Amino acid sequence: MNDSKARILRKALVAAFPHTIPIFAGFWFLGLTYGVYMNASGFSFWYPMFISLTVFAGSMEFIAVNLLLGAFHPLQALMLTLMVNARHLFYGISMLERYKHTGWKKPYLIFGLCDETFSINYTAKIPENVDKGWFFFFVTLLNHLYWFLGATLGGLFGSLVQFETRGLEFAMPAMFLVIFLEQWLREDRHTGACVGFAACLPCLFFFGSDRFLIPSMLTMLILLTTLRRSFVKGRLVP
């Protein structure tokens, strides 16, 4: 690698790293929790290490623990994955223009487009002297690395240290609760959240706690699609 190329990479890495520092703290904690949870569920550290490297979808990785422990239902697993990660369709559309002309880096940028990486790469003001493609690449790579190392260390830590892990599975519901509360406080209108509650409660009653998730997601999709014009016009304001 010549000096010019090295300077380009160094500038992009130095520009990208500060943006990922808050993600580092969150990903290490959640990654450690995920690794310990996998170990407590009977999996060796190879599982969280390999899954975090090749899947890199935090919430789905937690859900995958129960999928791996239960009977194999490929259609259910596919539908659940699509529902949980459906928001990435909108992330991808939003990043079409920004990820243009990134060359061979684009497949990895698409693979690594998690919530946190999207928020940085979509909103960050990149200095003019920094290559945008490499900036996007290093943000994605650093966030991926944080999650991978956290999950791997959690798997190792869980196998080396014996402690009470009861209640650790609540980490994923707690993560979703925090995300929900952040969105609730950020938004002026809470129509979407109210629609979600209205969809989940009947499904929970009719289908039970083990099977209500997919019907709830489908019901929310139908309701939000049906009411989208009212959202835009501002008529539905709880």
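These questions and answers cover helix packing, cysteines, charges and aromatic rings in a predicted model.

User: Which residues of helix α4 are buried, and on which side do they sit?
Analyst: Helix α4 spans residues 74–84. Its buried residues are Leu 80, Met 83 and Val 84. They cover an arc of only 90° around the axis, which puts these three on the same side of α4.

User: What covers the buried residues of α4?
Analyst: The cover comes from other helices, among them α3 (58–69) and α5 (87–95). The cover also includes α11 (213–226).

User: How far from Cys 203 is the nearest cysteine sulfur?
Analyst: The structure holds zero disulfides. Cys 203 is buried, at 8% relative accessibility. A disulfide needs sulfur atoms within 2.5 Å. The nearest cysteine sulfur to Cys 203 belongs to Cys 200, at 6.9 Å.

User: Which residue forms a salt bridge with Lys 100?
Analyst: The structure holds one salt bridge. Lys 100 is partly exposed, at 43% relative accessible area. The closest N and O atoms are 3.5 Å apart, and the cut-off is 4 Å. The partner is Glu 97.

User: What is the geometry of the pair formed by Phe 27 and Phe 56?
Analyst: The count of aromatic pairs comes to 21. In this one, the ring centres are 6.4 Å apart and the planes stand at 85°. Angles over 60 degrees count as edge-to-face. The pair of Phe 27 and Phe 56 is edge-to-face.

User: Where in the chain do Phe 27 and Phe 56 lie, and how many residues apart are they?
Analyst: Phe 27 is buried, at 7% relative accessibility. Phe 56 is also buried, at 7%. Phe 27 lies in helix α1 (residues 3–40), and Phe 56 lies in the loop between α2 (46–54) and α3. The pair links distant parts of the chain, 29 residues apart.

User: Why is the pair of Phe 118 and Tyr 122 stacked?
Analyst: Both residues lie in helix α7 (residues 115–123), four residues apart, about one turn of the helix. Phe 118 is buried at 15% relative accessible area, whereas Tyr 122 is partly exposed at 41%. Their ring centres are 5.3 Å apart and their planes are at 20°, so the pair is stacked.

User: Which residue lies over the face of Trp 134?
Analyst: Trp 134 belongs to an aromatic cluster that includes Phe 27, Phe 56 and Trp 147. The residue over its face is 4.4 Å from the ring centre. That residue is Lys 105.

Notes
Residues numbered from 1 in each chain as written. Predicted model: local features only at pLDDT ≥ 70, side-chain atom pairs only at ≥ 80, totals over all residues. Heavy atoms only, no water. Buried < 20%, exposed > 50% of the residue type's maximum accessible area, 1.4 Å probe, protein only. Helix = DSSP H or I, 4+ residues; strand = E, 2+ residues; numbered from the N terminus. Arc of directions from axis to C-beta. Contact = heavy atoms within 4.5 Å. Salt bridge = Lys/Arg side-chain N within 4 Å of Asp/Glu carboxyl O. Phe/Tyr/Trp six-rings, centres within 6.5 Å; stacked < 30°, edge-to-face > 60°. Lys NZ or Arg CZ within 6 Å of the ring centre and 35° of its normal.
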